[in-house]
Amino acid sequence: MNAPLPGHAVAEISSPEMLQGEGVGCHSGAERLRAATAASGKSELLDQYASDYPKGPHDQPQSMCPAFGSLRVGLRMRRTATILCGSACCVYGLTFTSHFYGAKRTVGYVPFNSESLVTGKLFEDIREAVFKLADPANYDAIVIINLCVPTASGVPLQLLPPEINGVRIIGIDVPGFGVPTHAEAKDVLAGAMLRYARAEVKAGPVQTPRGGRSAKPAIALLGEMFPVDPIGIGMMLEPLGLAAGPVVPTREWRELYAALDCIAVAAIHPFYTASLREFEAAGRPVIASAPVGRDGTEAWLQAVGEIASVPQSQIDAAKNRILPAIEAALAKTPIKGRITLSGYEGSELLVARLLVESGADLRYCGTACPRTPWSAPDCEWLEARGVRVQFRASLEQDLAAMAEFRPDLAIGTTPVVQAAKQAAIPALYFTNLISARPLMGPAGAGSLATVINVAIANKGRFDDMKSFFGAVGDGYAAGVWQDVPKPREEFREHTRRQVIKMMKKRKAQEMI
Ligand code: SF4
């Protein structure tokens with residue numbers, strides 16, 4: 001074991017014994033992790049998360065590890081190093097996913113074992129890693145992300161110095177038992193960075209944006225978007241005498257200052273609670289919803305114009321210029337068919353609006369994100385048109401909606417799409433196929449129609465396949481066999497009894 005770095009004591013980990021044993025992770029043990037976190041002095045953090053990201057019907061993540069959201073935000077920023085601290089299996093999964101999604105950066109990792117976790121040496125290792133990496137020639141910032149076990153153990157990232165050699169140090173806890181979705185984990189890091197940048201702005205002059213300050217008053221855009229969308233939004237703001245500001249999460253540290261410098265922030269994705277708190281603290285008003293479809297764009301231009309004190313005649317002129325193009329695009333590419341929609345990106349309600357305006361018979365819109373004040377206009381608009389909106393939707397609710405409405409097309413997450421295809425319902429992945437298209441203004445109107453209409457038209461192929469394969473591939477008899485397997489109820493019953501016994505044992509251990 002190495003000696004601690006000079007100048008500070010080894011950080012005590014107050015509750016490591018609560019984390020010992022099998023099965024502590026997102027698949028089980030959330031209660032134990034929460035209790036350990038509170039015991040380790042981080043109950044304030046958990047309270048803040050509970051208020052920012054209220055829990056839904058499920059107490060564990062139903063999509064990828066939430067920390068992926070923070071990791072992705074860090075990996076996409078220039079001159080930013082991102083380090084994970086967590087169990088090796090979690091880090092393996094997160095690293096794999098980030099490279100699957102095209103990260104061209106190294107993911108840093110500070111490993112631990114029982115000893116380094118229990119003795120507090122892990123914090124020393126993190127500190128040492130951060131000092132080694134903090135070279136201002138390479139980095140503006142270093143982000144350290146505590147995953148579930150280090151968070152629950154109370155590894156005190158807040159004791160790291162705020163900067164080393166001019167490199168900013170941002171330590172965040174992103175446990176799966178406190179941050180329900182990877183979408184909200186983006187907010188955890190974006191909010192922490194905005195808070196840091198706001199303090200820097202208050203302390204004195206800061207760097208200007210790479211392209212210089214905007215000559216026009218600008219609107220910051222909150223939420224990851226398809227790259228064409230910010231450009232399209234800029235074109236819609238231009239007749240109002242305004243410009244599009246940076247997109248938060250930003251791609252570079254100095255863009256954070258430019259974002260805070262904007263006259264208002266558009267909550268394009270409405271779940272960025274911590275980030276919006278920082279904008280509001282900086283005196284920047286928040287604009288809800290987004291310029292999607294005809295009605296959405298009309299309302300959004302009006303709201304932006306009013307906040308920026310643009311004369312009504314100029315707002316009307318901007319609408320007259322933009323809205324006919326949207327109407328024409330929607331009319332040219334109608335969508336026909338019954339659809340259910342679900343996802344975990346946070347843009348589900350915007351996509352839903354666009355589908356309805358395109359003529360789709362949309363019955364259900366489920367989002368894994370929570371209801372916030374900034375999702376209210378979209379929710380009201382959809383409900384007024386007969387769409388059932390489900391915030392914090394669980395997989396079970398998404399599947400139930402699909403079973404209830406028997407759509408011509410199900411748009412959803414991987415397990416929803418899988419279930420739809422098994423039922424011979426055409427389906428599209430929200431993340432890969434819907435999120436990867438423009439949604440805003442004239443470019444967004446009609447952008448979904450082609451892919452959706454082609455998918456709906458595939459129904460006949462699903463029916464053909466279903467009748468060709470018959471019952472082959474169903475349930476326990478899946479695959480090609482010489483003798484089709486027989487269900488063995490006695491084995492199932494034996495396993496069931498074993499599981500019940502194991503659960504009882506665990507419960508008893510928890511109560512000791
Ligand atoms: S860090 Fe992510 S993968 Fe690991 S236990 Fe927590 S939620 Fe699950």
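## Strand β10 and its partners

In this predicted model, Thr-340 has Tyr-364 as its bridge partner in β11. The pairing of β10 with strand β11 (residues 361–367) is parallel and extends over six bridges.

Strand β10 (residues 338–343) is largely enclosed by the rest of the structure, because five of its six residues are buried.

## The five-stranded sheet

An open sheet with mixed pairing is built from five strands in the order β2-β1-β3-β5-β4. Its edges are formed by β2 (107–109) and β4 (163–164), each of which pairs on one side only.

Within this sheet, strands β1 (residues 80–85) and β3 (residues 141–146) run parallel and are joined by six bridges. Among the residues involved is Ile-83, whose bridge partner in β3 is Ile-144. Helix α2 (residues 67–75) lies across β1, β2, β3 and β5 (167–173), and runs at about 155° to β1.

## Domain arrangement

The domain assignment divides the protein chain into domain 1 (16–180), domain 2 (218–326), domain 3 (334–467) and domain 4 (479–512). A distance of 33 Å separates the C-alpha centres of domain 1 and domain 3. Seven residues from domain 1 and seven residues from domain 3 make up the contact between them. On the side of domain 1 that touches domain 3, three residues are nonpolar, four are polar and none is charged.

Conventions:
Residues are numbered from 1 along each chain as its sequence is written. This is a predicted model: local features need pLDDT of at least 70, side-chain atom pairs count only at pLDDT 80 or more; totals for chains, interfaces and linings use all residues. Domain bounds come from an automatic or database domain assignment. Two residues are in contact if their C-beta atoms, placed from the backbone, lie within 7 Å. Ala, Val, Leu, Ile, Met, Phe, Trp, Tyr, Cys and Pro count as nonpolar, Asp, Glu, Lys and Arg as charged, and the others, Gly among them, as polar. Two strands pair if DSSP finds at least two bridges between them. Helices (H or I, at least four residues) and strands (E, at least two) are DSSP runs, numbered from the N terminus. Axes are lines fitted to C-alpha atoms, for helices over the stretch in contact, and angles run from 0 to 180 degrees between N-to-C directions. A residue is buried if 20 or more other C-beta atoms lie within 10 Å of its own, exposed if 12 or fewer, and partly exposed in between; C-beta atoms are placed from the backbone.
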